[in-house]
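Biologist: I have not looked at this one before. Can you take me through a few parts of it?

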Amino acid sequence: GKTHLLLRIAAHVAAGKPLFNQQVMHGHAVYFGLEDPPAVLHRRLNALNLSMCQQFGPQITEMLMGNLRFASLLGQQIHLVEMQGGSVVQTAAADELSDLIGHAQLVVIDPMARVHGCEENSNSVTTALINCCERVAATTGAAVLLCHHTGKAAAQNRTTSQYAARGGSGLVDAARSALRLIVADKEDAKGFDLDAAAVQRGEYLRLIHAKSNYAKHAEPIWLRKSHTGELEHVEPQLLCPDSHDKLLPRLKNWCLSNSGEAVSQDLVRRQY
């Protein structure tokens with residue numbers, strides 16, 4: 001699901017179309033995929049283009065062709081940082097990457113584990129990676145979205161905090177914003193009008209804004225994985241709690257009893 005989510009974010013920036021009811025900055029978007037071969041990325045983008053054309057119109061194809069660039073770097077050793085003499089240093093790859101990007105609105109690197117050959121539990125390494133991404137951002141004018149995997153313990157405990165990422169905490173401490181994508185379980189779905197069988201199958205996911213330095217946290221976003229692997233935005237409705245279902249008929253009966261006393265919170269507490 002995360003690759004489709006990242007491609008969708010990049011595609012909406014390239015098309016200048018709202019994403020999950022959120023406005024985006026329109027401009028060039030670049031996606032570097034280091035886990036998937038070109039054929040997989042082409043298939044995902046074709047499906048994404050079709051979906052966006054159905055939603056926004058056929059002009060989307062031209063906008064994506066003009067503003068969205070992507071590359072599969074599967075099997076290539078591209079290290080943005082490396083160890084030299086006991087210190088973590090940036091490599092020439094950062095400048096090469098910036099030259100390749102040019103000017104852009106968004107750059108996606110997926111995943112972080114493929115762009116370094118160091119110990120990711122080291123805060124010096126993770127901080128250096130963020131420094132490198134900030135350098136790319138300053139050179140290209142783009143926001144850099146660095147994708148990383150969740151730690152095993154955080155995944156088992158279903159941690160939604162900013163420190164759910166695998167490796168040193170310096171990664172998220174240095175980042176300006178952090179998003180957490182997590183499969184929704186029965187507890188998450190409790191109180192919402194969601195398909196219980198789909199919840200059981202792990203089709204629903206939540207996108208949680210775990211850290212935000214420059215603005216307030218966005219509300220969690222619900223997504224559902226389709227049979228093609230696409231993530232569709234859903235907006236589940238809250239179910240009315242049982243206490244409300246029981247209270248409303250009792251209030252109606254009380255009003256019909258012509259007690260004569262004005263309705264107030266105190267009255268409700270005393271009567272019910």
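This is a predicted model: local features need pLDDT of at least 70, side-chain atom pairs count only at pLDDT 80 or more; totals for chains, interfaces and linings use all residues.

Biologist: Which residues are buried in helix α3?

Modeller: Ile60, Leu64 and Asn67, in residues 59–67. Buried means under 20% relative accessible area, exposed over 50%, partly exposed in between (1.4 Å probe, protein chains only). Helices (H or I, at least four residues) and strands (E, at least two) are DSSP runs, numbered from the N terminus.

Biologist: And what is on the face turned away from the buried side of α3?

Modeller: The exposed residues Glu62 and Met65. The buried residues of α3 are covered by elements including α1 (2–15) and β2 (68–72); contact means heavy atoms within 4.5 Å.

Biologist: How many residues has the largest nonpolar core?

Modeller: It has 29 residues, and Leu64 and Leu68 are among those with the most contacts inside it. Such a core is a set of buried Ala, Val, Leu, Ile, Met, Phe, Trp, Tyr and Cys residues joined through side-chain atoms within 4.5 Å. α1 gives the largest share of this core, nine residues.

Biologist: Switching to serine 212: buried or exposed?

Modeller: Serine 212 is buried, at 18% relative accessible area. Serine 212 lies in strand β8 (residues 204–212), and its contacts beyond four places in sequence are Arg176, Ser177 and His217.

Notes
Residues are numbered from 1 along each chain as its sequence is written. Side-chain values use heavy atoms; hydrogens and water are left out.
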